[in-house]
Amino acid sequence: MARAWRGRRAVITVHGFSPSGNCHKVKLLLEQLGRPYRWVETDSSRGETRTPGFLAINPNGRVPVIELDDGRRMAESNAILCWLAEGTPYFAGDAWQRAQALSWMFFEQYSHEPYIAVARFIRGWTPTDSPRRAAELPRCLERGHQALAVMEQHLAAHPWFSGDGYGIADIALFAYTDVAGDGGFDLTPYPAIGGWLARVRATPGFLPIPPPTPDVAALLATH
């Protein structure tokens, strides 16, 4: 499905943090579209999204953010995916099919990411004696498994979340599911999810999330 980007389009500037699943969604779609972009690494774990310079770009202090050559900016990863994928096979179908894809993208942001991504952050980017580990991690694991069970049920009968083919709903859900193990989630009980992850990894132009830095990897290894 990957294709070279046609037409004269300026390079998109992306402010993102490479280990972030939300940021990786945007990078993965850009790679699979073959659309040129400039990546500005912005380490949110070190406060780089809270500087006056970055807050002038996104007052909400979050990545990813894209900037166009005419000065327009857009935040929120799934909104960026929709804009980038407009008119491409990654966001295809009639109004009903596209709304179904959007429903999974809302699910990702409300029922999936707040638990699976947060569990990964707690285990990888907070000290081992952080109160968050005891206070928040058990609930993240419980609710994250609930989200995975919903996905497993869907994938037992459907190969994709975006309709008949791979698309932006799959990209949205793939990012943090693929690294769910970093948050302490065992995906072995979810064979349909495992098959889907393999299908996504086999798509043309696929790009994995980079491995964690040594300091993060050391924390992830601590149970």
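Helix α1 is mostly covered, with twelve of its 13 residues buried (under 20% relative accessible area with a 1.4 Å probe, protein chains only; exposed is over 50%, and partly exposed lies in between). This is a predicted model: local features need pLDDT of at least 70, side-chain atom pairs count only at pLDDT 80 or more, and totals for chains, interfaces and linings use all residues. Residues are numbered from 1 along each chain as its sequence is written, and side-chain values use heavy atoms, without hydrogens and water.

The helix spans residues 21-33. Its first and last C-alpha atoms lie 18 Å apart, close to the expected 18 Å (1.5 Å times one less than the number of residues). Helices (H or I, at least four residues) and strands (E, at least two) are DSSP runs, numbered from the N terminus.

Among the buried residues of α1 are Cys23, Val26, Leu29 and Leu33. Their cover includes β1 (12-16), β2 (37-41) and α4 (95-125), among other elements.

Ser20 caps the N-terminal end of α1. After the helix comes Gly34, with a positive phi near 70°.

His15 sits in strand β1. Its relative accessible area is 8%, so His15 is buried. Residues that His15 touches include Val40, Phe54, Ile57 and Val65, leaving aside those up to four places away in sequence (contact: heavy atoms within 4.5 Å).

Two polar distances follow. A polar contact is a pair of N or O atoms within 3.5 Å; within protein, one must be able to donate a hydrogen and the other to accept it, and residues adjacent in sequence count only if both atoms are side-chain atoms.

| Pair | Atoms | Distance |
|---|---|---|
| Ser20 and Asn22 | side-chain oxygen to backbone nitrogen | 3.2 Å |
| His15 and Glu67 | side chain to side chain | 2.6 Å |
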